[in-house]
Amino acid sequence: MCAPLAISIRRFLVLLATVSGAAALVSCAAAVDQRGHLPNPDKLAEIHAGSTTKDEVAKILGTPSSVSVFNNDKSWYYISRRTAQTAFFDPDVLDQQVYIVNFDDQGVVKAVDHKALEDGKEITPVARATPAPGRELSFLEQLIGNLGEFNGSSGGGGSGGGGATNGRNPNDNGKH
């Protein structure tokens, strides 16, 4: 009776180890994320420079991912990006496609451009703070400046005010 029990425990442990190993492998697999929508090449072929209008582009390709801000809506961007992320690491960009539809002043397509991941440039933001207007105070100036804040501004009716103003600020006209 003991031998069959030992075999079934061994099978259970092998099955448990197999399931645990498979779960560990699955948890390390990269999660692929697709953002944006790439226009169908057949639909892009329907866009003709010099004749297709903004309304027609919207009907053919749909609304753009982004619209230019600085040149009065004269460029529409259709952006697609595919990334893969493994566990807690930063995502890796697998593919990126950008179609740019440029319009003239009358709202007619001037050109259709295509940019891929290879056309992108890596930039490093500058880690500086924007200075605020005013004078920088040293630690000692800040400390001395705060000393006056602790005298007589307690709001209570204490006796430390000072003579003719009856404890009020002489520049205060009573309006609050």
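Before we start: a residue counts as buried under 20% relative accessible area, as exposed over 50%, and as partly exposed in between. Keep in mind that this is a predicted model.

**Exercise 1.** Work out whether aspartate 73 is buried, partly exposed or exposed, then find its salt-bridge partner.

*Solution.*
- Step 1: Aspartate 73 has a relative accessible area of 28%, so it goes down as partly exposed.
- Step 2: Its side chain meets that of lysine 54 in a salt bridge, 3.2 Å from N to O.
- Step 3: Now place the two. Aspartate 73 sits in the loop between strands S2 (66–67) and S3 (75–85), while lysine 54 belongs to helix H3 (residues 54–61), so this pair links distant parts of the chain, 19 residues apart.

**Exercise 2.** Take the salt bridge of aspartate 105 and say which parts of the chain it ties together.

*Solution.*
- Step 1: The partner is lysine 74, with the closest N and O atoms 2.3 Å apart.
- Step 2: Aspartate 105 is in the loop between S4 and strand S5 (109–116) and lysine 74 in the loop between S2 and S3, so parts 31 residues apart in sequence get tied together.
- Step 3: Check the exposure: aspartate 105 is exposed at 62%, whereas lysine 74 is partly exposed at 28%.

**Exercise 3.** Describe the surroundings of glutamine 97.

*Solution.*
- Step 1: Find glutamine 97 in strand S4 (residues 92–103).
- Step 2: Its relative accessible area is 14%, so glutamine 97 is buried.
- Step 3: Look at what it touches: among them are Leu38, Tyr78 and His114.
- Step 4: With histidine 114, there is a side-chain polar contact of 2.4 Å.

Terms used. Residues numbered from 1 in each chain as written. Predicted model: local features only at pLDDT ≥ 70, side-chain atom pairs only at ≥ 80, totals over all residues. Heavy atoms only, no water. Helix = DSSP H or I, 4+ residues; strand = E, 2+ residues; numbered from the N terminus. Buried < 20%, exposed > 50% of the residue type's maximum accessible area, 1.4 Å probe, protein only. Polar contact = N/O pair within 3.5 Å; in protein donor to acceptor, adjacent residues only side chain to side chain. Contact = heavy atoms within 4.5 Å. Salt bridge = Lys/Arg side-chain N within 4 Å of Asp/Glu carboxyl O. Lists of a residue's contacts leave out its neighbours within four places in sequence.
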